Amino acid sequence: MYFAHILTNRSHSLYLPQEARDDVARLVSTHQRTKTSREMTPFRRQVDFWLLCLGVALADDLQPREGAPATWGYKFVDTREVQLPNEVYNLLAVVAFEQLEHDAERIDDPAQIVDVANRLAGAACPRVLTEVTSRELRHSPLDKALALARSALR
């Protein structure tokens, strides 16, 4: 509950890579003007796509993307505007603690926690897009997203 409170007490921007904006929008159902199937738009919100990217980055042991997210990305939501389970906030803190080399003082800074998560999601975004939008005809983007999530759990 502590990390949920510090991460939502003030607004902290979540980012995805600018070059992925259009591709992400096509995969997110809230961006569609007409009703599309869940198979073709497997993510209800951009934050759901962001979370899959974060999971893939952790599973693949990727290094965070270089630079401040505001220089390479687009802001899609603030932490005060999005509802996430408390476990997600705890995970973000654990991930940041590892990335920030176990520095207890830095882990109390919510801006640093969100920065690490943004840079990790940014690092995995190209792979996630490649996997989810591949031209494999027998599988929908939803099938591909679920397969990618399952592979990240191993």
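Let's start inside helix α3: Gln46, Val47, Phe49, Trp50, Leu52, Cys53, Leu54, Val56 and Ala57 are buried there. Buried means under 20% relative accessible area, with a 1.4 Å probe and protein chains only. Helices here are DSSP runs of H or I with at least four residues, strands are E runs of at least two, and both are numbered from the N terminus.

A word on the source. This is a predicted model, where local features need pLDDT of at least 70 and side-chain atom pairs count only at pLDDT 80 or more, while totals for chains, interfaces and linings use all residues. Residues are numbered from 1 along each chain, and side-chain values use heavy atoms, without hydrogens or water.

Back to α3. What covers its buried residues? The cover includes β1, α2, β2, α5, α7 and α8.

Take α7. The two helices, α3 and α7, pack at about 90°, axes 7 Å apart. Axes are lines fitted to C-alpha atoms over the stretch in contact, and angles run from 0 to 180 degrees between N-to-C directions. So α3 is roughly perpendicular to α7, a label for 65 to 115 degrees. Contact means heavy atoms within 4.5 Å. On the α3 side, the residues include Phe49, Trp50 and Leu58. On the α7 side, they include Asn118, Arg127 and Leu129.

Now β2. Of its 6 residues, 5 are buried. β2 pairs with β1 in the antiparallel sense, over 5 bridges; pairing takes at least two DSSP bridges.

Last, the end of α3. Asp61 follows the helix, and its phi is positive, near 55°.

How values were computed. Buried means under 20% relative accessible area, exposed over 50%, partly exposed in between (1.4 Å probe, protein chains only). Angles under 35 degrees count as roughly parallel, over 145 as roughly antiparallel, 65 to 115 as roughly perpendicular and the rest as oblique.
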